[in-house]
Amino acid sequence: GKSTAPKAKPTVSFTAVQNDNAFGVKAEAEKTVVIIYDQDGNGIFKDAVTNGLPMEKAYNVSGLDNGDYTVEIKSEKSDVKKQMHVYDNGQGKSYLFVQ
């Protein structure tokens with residue numbers, strides 16, 4: 001018989017970018033969507049990141065108001081959520097992920 005190696009699970013993750021006012025998303029899954037929710041749970045931004053190809057993409061937070069948000073990366077096999085706080089750093093908008 002033939003033996004087949006187990007397939008690696010497609011992954012989605014947050015990545016650092018050079019810019020203080022942006023965060024990166026790395027997607028290796030078939031279909032991945034990034035959704036940003038406001039503090040009331042309303043989806044305020046949605047982006048289809050990939051359609052079958054691994055890729056990385058940066059998201060700028062400059063257009064968001066100061067406050068708390070939830071960032072979700074959804075794919076067919078994984079779902080990653082992080083709490084994000086957006087604030088004014090004196091030279092523009094910045095953010096931090098709350099652990």
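Read along the sequence, the protein follows the pattern β-β-β-β-β-β-β-β, a secondary structure of 0 helices and 8 strands. Helices (H or I, at least four residues) and strands (E, at least two) are DSSP runs numbered from the N terminus. The model is predicted, so that local features require pLDDT of at least 70 and side-chain atom pairs count only at pLDDT 80 or more, whereas totals for chains, interfaces and linings use all residues. Residues are numbered from 1 along each chain as its sequence is written, and side-chain values use heavy atoms, with hydrogens and water left out.

Of the 99 residues of the protein, 36% count as buried; the term denotes under 20% relative accessible area, with exposed meaning over 50% and partly exposed the range in between (1.4 Å probe, protein chains only). The accessible surface comes to about 6,600 Å², and carbon and sulfur atoms account for 46% of this area. Such areas come from the Shrake-Rupley method with a 1.4 Å probe, and for residues only the protein chains shown count as cover. Among contacts between residues at least 6 apart in sequence, 44% join residues at least 24 apart, a contact being defined by heavy atoms within 4.5 Å.

An open sheet of 5 strands has the order β4-β3-β6-β7-β8, with antiparallel pairing; two strands are taken to pair if DSSP finds at least two bridges between them. Its edge strands are β4 (43-51) and β8 (93-98), each of which pairs on one side only. From one strand to the next, the twist in this sheet averages 25 degrees, where axes are lines fitted to C-alpha atoms, for helices over the stretch in contact, and angles run from 0 to 180 degrees between N-to-C directions. Within the sheet, β6 and β7 (residues 79-88) pair in the antiparallel sense over 8 bridges, and Glu-72 stands opposite Lys-81 in β7.

In the other sheet, 3 strands are arranged in the order β1-β2-β5, and the pairing is antiparallel. Because β1 and β5 (55-60) stand at the edges with a single partner strand each, one side of each is left without a neighbour in the sheet. The twist here averages 25 degrees from one strand to the next. A hairpin through 6 residues joins β1 to β2, and these two strands pair in the antiparallel sense over 4 bridges. In β2, Val-25 is the bridge partner of Phe-14, and Lys-26 that of Ser-13. On β5, 6 bridges provide the antiparallel link to β2, with Tyr-59 in β5 as the bridge partner of Phe-23. Strand β2 is mostly covered, 5 of its 6 residues being buried.

The largest nonpolar core has 19 residues; a core of this kind is a set of buried Ala, Val, Leu, Ile, Met, Phe, Trp, Tyr and Cys residues joined through side-chain atoms within 4.5 Å. The residues with the most contacts inside this core are Phe-23, Val-61, Val-71, Met-84, Val-86, Tyr-95 and Phe-97. At least two core residues are supplied by each of β1 (12-15), β2 (22-27), β3 (31-37), β6, β7 and β8. When residues up to four places away in sequence are not counted, Phe-97 touches Phe-14, Phe-23, Val-71, Lys-82, Gln-83 and Met-84.

Two individual sites were examined. Thr-70 is found in strand β6 (residues 67-75) and counts as buried because its relative accessibility is 15%. The side chain of Thr-70 makes a polar contact with the side chain of Gln-83 at 3.1 Å. A polar contact is a pair of N or O atoms within 3.5 Å; within protein, one must be able to donate a hydrogen and the other to accept it, and residues adjacent in sequence count only if both atoms are side-chain atoms. Not counting residues up to four places away in sequence, Thr-70 touches Ile-35, Ile-36, Tyr-37, Lys-81, Lys-82 and Gln-83.

Asn-89 is placed in the loop between β7 and β8 and, with a relative accessibility of 32%, counts as partly exposed. The side chain of Asn-89 reaches the backbone nitrogen of Gln-91 at 2.9 Å. Asn-89 and Asp-20 are 69 residues apart in sequence and 9.6 Å apart in space, C-alpha to C-alpha.
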